[in-house]
Amino acid sequence: MQSRIPSTARTGRPRSAATDAAILDATRVALVELGWSRLTMGDVATRAGVAKTTLYRRWAGKNELVVDAVAELFDELELPDRGSLSADIEGVVLQFAALLERPEAKTALMAVIAESTHDEPLRERIRISIVERQKRLVLEGRARAEARGELPIEQDPETASRTIDLIFDVAAGAVVHRTLVSAEPADKDWAQRFTALLLTGLQG
């Protein structure tokens, strides 16, 4: 009789969340200290206190590792419930701007974007792991505003999807340009003026 191996035996050892967190944190620290070109998987492994094989079981290479290190930072963003759409937008814009002021976020994001200009698979990974994942904030904000009666409910799914994409592009692009390209403060005054401009378009 052919023996049957339980499915749990085929999955291997489960990944440790603590190990993953240590590796991603070490990646961000190494990027700040070494920069993209000098960063190696071996250096990250040493800083995280793990074997290099542990990294390669999780990530195929440096590109994938750095994108996930950036994505984890962006997952910290939350849409605050401040009672109105304008206040909610201001809150998340200020959060995003503060995140981009952190050296590990600034360095890692600029590094992967620069590298992706000649690496199409890396660009796709950024889109999936960072951009698409963070559209959750726009989806949540739109749904909350519709429930409050601040925005009309969009009946057509395709139109709704295009609107979500556009809102995300405008908001994320403006904050990234303001903080990382222009190197100007995205403070409360700027966030209020930007929000007013964005809402004019949404409610027009």
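Author: Happy to! Helices (H or I, at least four residues) and strands (E, at least two) are DSSP runs, numbered from the N terminus. Just after α10, A183 takes a positive phi of about 55°.

A word on the source: this is a predicted model, where local features need pLDDT of at least 70, side-chain atom pairs count only at pLDDT 80 or more, and totals for chains, interfaces and linings use all residues. Residues are numbered from 1 along each chain as its sequence is written, and side-chain values use heavy atoms, with hydrogens and water left out.

Now to helix α10 itself, which covers residues 157–181. The expected span is 1.5 Å times one less than the number of residues, so its 25 residues should span 36 Å; the end C-alpha atoms are 34 Å apart, which agrees.

Buried here means under 20% relative accessible area, with exposed over 50% and partly exposed in between (1.4 Å probe, protein chains only). In α10 the buried residues are I164, I167, F168, A171, A172, V175, T179 and L180. An α-helix has 3.6 residues a turn, so residues three or four places apart point the same way.

As for the setting, the protein has eleven helices and zero strands. Of its 204 residues, 40% are buried, and its C-alpha trace spans about 65 × 50 × 30 Å along the principal axes. Taking contact as heavy atoms within 4.5 Å, residues 24 or more positions apart account for 66% of the contacts with a separation of 6 or more.
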